[in-house]
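User: I am new to this structure and would like a close look at one part of it. Please take me through that part slowly.

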Amino acid sequence: MRRERPASGLRTLRRLAWDRDNGRRHLVLLGCAASLLAPVVPLLQPLIVRDIVSGAEQQRALLAPVVLLAAVTLAEAVLTGAQVYLLKRLAEGVVVDTRLALVRRLLRLPIVEYDRRRLGDLISRLSTDTSLLRSVISNGVFDIVSAVLLGIGSITVLALIDPLLLAITLSSVLLAAVALWTLMASLRGISRTAQEHVGRMTAEFERALQGVRTIRVFDATEREYERVARRAGDAYRAGLRLSRREAVVQPAVTTAIQIAVFMVLLVGGYRVSSGSMPLGDLVAFLLYLFSIVLPLNQATRALTTVQVGLAAADRAGEVLEIPTEQERAGAGRERGGPGPAGGGGEPAVTPHMVEFRDVGFRYDGGPPVLSGATFTVARGSCTAVVGPSGGGKSTVLALIARFYEHGSGTIRVDGRDVRELSHEAVRSRLSMVEQGAPVFAGSLRENLRLGAPGASDEELRSVLGDVELGELLDHPDGLDRDLGDAGIVLSGGQRQRLAWARALLHDHELLLLDEPTSSLDSETESRLQRLLRSRRAAGHTTVMVAHRLAPLVDCDRIIVLAGGTVTAEGTHASLLRDSPLYRVLAAHQGLVDVEDLATPGLTG
Ligand SMILES: Nc1ncnc2c1ncn2[C@@H]1O[C@H](COP(=O)(O)OP(=O)(O)OP(=O)(O)O)[C@@H](O)[C@H]1O
């Protein structure tokens, strides 16, 4: 089941901009100060203008108020510049922090989370959603604060100048407030839906790019385009719903202000002409009205931006609240080095490098994949796991590497219950060649150094020779050669040998191999087997999963896994004698005569 904890965008923003002591608090405080100061100038300006108008009417000296007006206007320009810079800086900081926090967490999630989620959607949270956060801070929250303060200040001054005109103004502005309130109630939800559609579109597009060759061959380009287009259409429609709400609100606010201005002009003009109101008061009143028009419009836009940004922060927060692999498993009682279960005293070397006792496992609520699986892998041995497709062989390797938490029973690695070890401690004992042998975009050197960052170029060249990849060094760029996305410039066999080279360089005591020779010719396969024999001679342990039995015949022990349980184990020779299933596998690969299949008990 997908776990969707409700995440609060506000909480996420607070965490990133304030809680973490990352030197950004002073920016937040300065931003707040600038927002508090920003309304002061527009509040002062009309009062000074009123003085100037009255002074002109009464033919008083105007120098002082004019100089004051110039100083206040200059101060406003400086303040605005400082505010813009501070807020942009704060916004960029929050965006980069969010991105880093997301990447940090996204690289450390339990493997099961990657199984559950669409990678494209996770990428869209990192790119599109975090960009939306920027405007929340740079022209969102603080604009609203300034506008509210300016509004309160203006209303107070307007009340002092003329309460009747203020009452007329407020009744019109109430209309705008109702429209705004209605919009805000729904904006965040619609925006969140729009962003989810963008996430799904990215996921569909990523899927299409990943399988672009297959799509071409099966003439499915147009159908794939339709899939992406459907998601783009969903995002477009959600965007339109958003725009429709905004389209109602913006004019409602503007019209309300215009009505207020007309009413003030009408009533104020009448009162000035009848002598019950000084002209300076009417001018000042109108200037105040105009001075809140712009911030009010700005605040309307800012409220929209904030809602969109908060929806984005919700989505980022959702990921940030998924516990990492380590957090979910609990910190692991011990992070330490090799030793027997229970620990204490001098670590003893146990005879088994891997031990499965009655292990039961199912993927994320699916059917049982392993049930009561029990076997051991002797230290320094080469052990193979064979069996029908889908029988759980790769799952065994995944559980040894602790990619998933097993349900029941006990798994020991190097004599230690894996649940007592941290994930890092388990993995510090092993190397792996995965099925499909992933190669990373980047240079040959970067790929080789993935698990051995300190390896010298000499060591890299030597290991390439060991796995028969010396030919790659003939390229003019040598170790700097760019291997393209997912190692596209390499052949399937080269990619597999590169995965071998990487695992050998990593050189840990336990080597896990999942179908490691499926793309190799028999000569290269023999060469790699010799490498395994020398590792075995050095006391290292190998667990190998393979369909083809030929490369496994000289393994010390072969485990036959079918239906999630170990049905037989022994050497190639003993299994041919004792395991009907193994004989069937061997016969289908031409390792024994088909007549042998007639042996009694074969179908049992
Ligand atoms: N990440 C996953 N999420 C859900 N189910 C999975 C996952 N990986 C494997 N399975 C299921 O678990 C079962 C065992 O898969 P596993 O890959 O371990 O088999 P296998 O013996 O290695 O098969 P093959 O020889 O074809 O590689 C299969 O039924 C498969 O569908």
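How many bridges join β1 to strand β4, and in which sense do the two run?

Analyst: This is a predicted model, in which local features need pLDDT of at least 70 and side-chain atom pairs count only at pLDDT 80 or more, while totals for chains, interfaces and linings use all residues. Residues are numbered from 1 along each chain as its sequence is written.

Strand β1 and strand β4 (residues 408–413) are joined by 5 bridges and run antiparallel; here strands are DSSP runs of E with at least two residues, numbered from the N terminus, and two strands pair if DSSP finds at least two bridges between them. One of the contacts between them sets glycine 360 against its bridge partner in β4, serine 408.

Strand β1, which covers residues 352–362, also pairs with β2 (residues 368–378), in the antiparallel sense and over 7 bridges, with histidine 352 opposite alanine 378 of β2. The hairpin that β1 and β2 make has 5 residues between the strands, and aspartate 364 there takes a positive phi near 35°.

Taken together, these strands belong to an open sheet of 4 strands, ordered β2-β1-β4-β5 with antiparallel pairing. Its edge strands are β2 and β5 (416–417), each of which pairs on one side only. In a regular strand the side chains alternate between the two faces of the sheet.
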